[in-house]
Amino acid sequence: MRYRTLGRSGLRVAELGFGCGAVGGLLVRGDYAEMVRTVERAIAAGINYFDTARSYGDGQSETNLGRVLAELKADVLVGTKVQLAPNELDDIKGAVAHAVDDSLRRLRRERIDLMQLHNAIAAQRRPERGWVTVADVQAALETFESLRRQGKIGAYGINGLGDTEAVHQAVALGAAQTIQSCYNLLNPTAGMAAPAGFPFQDYAQLIDRAAAQGMGVIAIRVLAAGALSGTLNRHLNAAQSVAPIASGSDLAADVALAHAFQPLIDEGYAGSLAEAATRFAISNAKVGTTLVGISSFEQLEQAIAAAEQGPLPAAAHERLQQVWAGFPTLRGSG
Ligand SMILES: NC(=O)c1ccc[n+]([C@@H]2O[C@H](COP(=O)([O-])OP(=O)(O)OC[C@H]3O[C@@H](n4cnc5c(N)ncnc54)[C@H](OP(=O)(O)O)[C@@H]3O)[C@@H](O)[C@H]2O)c1
């Protein structure tokens, strides 16, 4: 396993991170013995960052992760998040402080290594979608800083989802140490200029902008919530129907589009679509750690094997440019 520094958080993280979210679902809906076995295997392989949130299974992911790590007596980095509810926006400071205490208790820890604001960011609050403004982000970050001084959290960061312009403004505040960024084969625009006519949200090189500010970048939705496996069949632990982030209209549309990347397999650049997707994110040197949402022990093994293969070769990246150039046509015909 190779390690990278997560920007000015200073955290040294393995380039592959463990996603404990509700989409993969192992840490939310899985069998406890499989959780223990899988987390133990991850640690043995060198994975040292586990990403959860209070909203994953309404606290269940944090509770399970805390229990498993305590049982394993594991010395690893844990990141969690607070998604502010509409009724918490009148007292962001109080809500964030309360959420951190609750997460510490569920995680059975004295300190959270990385605390993140989970809300997406927009020009105006959109309570029905959980979107907050840049001013709200600033208030949360000020609270994070005060909690850091109290020793309750280590580093802190934001979520790179929402309106592109507002997200970039939140980055420009210069206060957050890390950002989570949606970055995958279906929507690579956080890490490169959008190809002409690109049909999905343009993140306008958010990863480059954040890295230039010294922020650590955490790549999320690297498998497009499973669509980049190329199949609609979801694991029993996984969320069965997931809204895509900044790609097709639904999971089925994303699965259909995922087949456009089959040439990478046919031409020998990767053994599977999931491997290609994981290695694509790892290829970006500005990404600190690449999260994969894990449903099972086998998926973790496959993610480790993909990370061991390292970045995709330059020729594969050239091939990808051709695939993306065909995207608008594909969407039109699909
Ligand atoms: N900040 C945010 O708002 C945010 C948003 C999303 C995610 N995240 C973080 O990023 C992590 C990962 O994101 P995610 O879980 O949403 O999506 P993801 O990693 O893009 O996709 C996870 C899905 O990929 C499939 N998969 C995993 N390994 C596979 C393999 N080897 N072969 C085939 N399919 C495989 C699984 O689906 P099946 O088992 O059903 O096949 C799994 O449910 C989360 O756990 C969370 O920590 C953060």
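Q: In this predicted model, is Arg221 buried or exposed?
A: Let's count its neighbours. Arg221 has 30 C-beta neighbours inside 10 Å, and a residue with 20 or more is called buried. So Arg221 counts as buried.

Q: Where does Arg221 lie, and what is its phi?
A: Arg221 lies in a loop, the one between strand 9 (216-220) and helix 8 (251-258). Its phi is positive although Arg221 is not a glycine. The value is about 55°.

Q: What about Ala224: which loop is its place, and what value is its phi near?
A: Ala224 has its place in the loop between strand 9 and helix 8. With 25 C-beta neighbours inside 10 Å, Ala224 counts as buried. Ala224 is a residue other than glycine, yet its phi is positive, near 50°.

Q: Is Trp131 buried, partly exposed or exposed?
A: Start with the place: Trp131 sits in the loop between strand 6 (112-117) and helix 5 (134-149). It has 19 C-beta neighbours inside 10 Å, while buried takes 20 or more and exposed takes 12 or fewer. So Trp131 counts as partly exposed.

Q: How far apart in space are Trp131 and Asn119?
A: Leaving aside neighbours within four places in sequence, Trp131 is in contact with several residues, including Asn119, Arg125 and Gly162. Along the sequence, Trp131 and Asn119 are twelve residues apart. From C-alpha to C-alpha, their separation in space is 5.7 Å.

Q: What distance separates the C-alpha atoms of Pro127 and Asp75?
A: Along the chain, Pro127 and Asp75 are 52 residues apart.

Q: Which residues of helix 4 make the contact with helix 3?
A: Helix 3 brings Glu62, Thr63, Leu65 and Gly66 to this contact. By class, the contact has two nonpolar, three polar and two charged residues. On the helix 4 side, the residues are Ser103, Arg106 and Leu107.

Q: How many residues does the largest nonpolar core have?
A: Among the residues with the most contacts inside this core are Val137, Leu228 and Ala276. Not counting residues up to four places away in sequence, Ala276 touches Leu185, Phe261, Leu264, Ile265, Tyr269, Ala270 and Leu312. The core has 108 residues.

Q: Which residues come nearest the ligand?
A: Strand 10 (289-293) and helix 11 (297-309) each supply at least two residues of the shell around the ligand. The shell divides into 13 nonpolar, 13 polar and three charged residues. Of the 29 residues around the ligand, those that come nearest are Gly19, Gly21, Gly226, His235 and Gly293.

Conventions. Residues numbered from 1 in each chain as written. Predicted model: local features only at pLDDT ≥ 70, side-chain atom pairs only at ≥ 80, totals over all residues. Near = placed C-beta within 6 Å. Helix = DSSP H or I, 4+ residues; strand = E, 2+ residues; numbered from the N terminus. Nonpolar A, V, L, I, M, F, W, Y, C, P; charged D, E, K, R; others polar. Core = buried A, V, L, I, M, F, W, Y, C linked by C-beta atoms within 7 Å. Contact = placed C-beta atoms within 7 Å.
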